[in-house]
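Here is a short briefing for a reader new to this structure. Start with the sequence and the 3D view, then read on by topic.

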Amino acid sequence: MKSPRFDLVILDWDGTVADSTGIIVDAVISAAESAGVIAPPRELILKTLGLGLNQLLLKLFPHLSSSLLEKVAEGYRSHYHANEGNSYLFDGVKEGIERLYQHKCKLAVATGKSRKGLKFALQDTDLNRYFLSTKTVDECFSKPHPHMVEAILEETQIPADRAVIVGDTHYDLEMGKNAHIQTIAVTYGAQPKDVLISFEPLACFDSFKEVVDFLLP
């Protein structure tokens, strides 16, 4: 068995592991409409995915009062939690994670989800047992701050040059750069290839299987 290219693989969740970007976008639009606020275009919402909820809403609704922002946030949580069981793993993700695990790769998650949301997702997909470390915006600063990655590296005791993050947004790639680790972009999530490549990932792939094939040369 050949050694993996990296000792630690950090995965973003929404848009990288799970096909949940549509649910997130719909939740933002529904929450805005319920609060009597004009919803931003879907294309603009997609550009903010990867951020924690508070940072995402501040970016999309910079002129709203704090009380109205909280109303939108409450509407988002309600809509998202009502539909989060409808998200599915992307093709090849479960098999790919199993392959990485079998090749002794340590696995972690760094996500803009809440701890409650990630706990549900891990249990719902039966992937919880594969991950040595998981970090969310409830205990770390939002992407692209390097806090999540730094916390994972400290917890796993893996040096930065032996770790890589896989993500579908420029926030994932920026976080990796800020933490001084390598990054891999995937094009099947929230953001297009030209945007991702501009942040100079080590590689850019159109499927999770290609990611795993690269990581296990």
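The largest pocket is lined by 30 residues, and G52, L53, G112, K113 and S114 are the ones nearest its centre. The model is predicted.

**Pocket**
- The volume of the largest pocket is about 500 Å³.
- The lining of the largest pocket has 12 polar, 11 nonpolar and 7 charged residues.

**Helices α1 and α4**
- The axes of α1 and α4 come within 8 Å and cross at roughly 135 degrees.
- That angle makes α1 oblique to α4.
- The crossing of α1 and α4 is right-handed.
- On the α1 side, the contact uses I23, I24, D26, A27, V28, S30, A31, A32 and S34.
- These meet K71, V72, G75, Y76, H79, Y80 and N83 of α4.
- By class, the contact of α1 with α4 has 9 nonpolar, 5 polar and 2 charged residues.

**Helices α5 and α10**
- Helix α5 covers residues 93-102, and helix α10 covers residues 208-215.
- Their axes come within 9 Å and cross at roughly 10 degrees.
- Angles under 35 degrees count as roughly parallel, so α5 is roughly parallel to α10.
- The crossing of α5 and α10 is left-handed.
- V93, G96, I97, R99 and L100 of α5 make the contact with F208, V212, D213 and L215 of α10.
- The residues of this contact divide into 6 nonpolar, 1 polar and 2 charged.

Methods. Residues numbered from 1 in each chain as written. Predicted model: local features only at pLDDT ≥ 70, side-chain atom pairs only at ≥ 80, totals over all residues. Heavy atoms only, no water. Axes fitted to C-alpha atoms, helices over the stretch in contact; angles between N-to-C directions. Helix = DSSP H or I, 4+ residues; strand = E, 2+ residues; numbered from the N terminus. Parallel < 35°, antiparallel > 145°, perpendicular 65-115°, else oblique. Left-handed = near helix turned anticlockwise from the far one by under 90°. Contact = heavy atoms within 4.5 Å. Nonpolar A, V, L, I, M, F, W, Y, C, P; charged D, E, K, R; others polar. 1 Å grid on protein atoms, 1.4 Å probe; cavity = no way out; pocket = protein on both sides within 12 Å on 5 of 7 lines; lining within 4 Å. Points joined across faces, edges and corners; volume = space filled by probe spheres on them.
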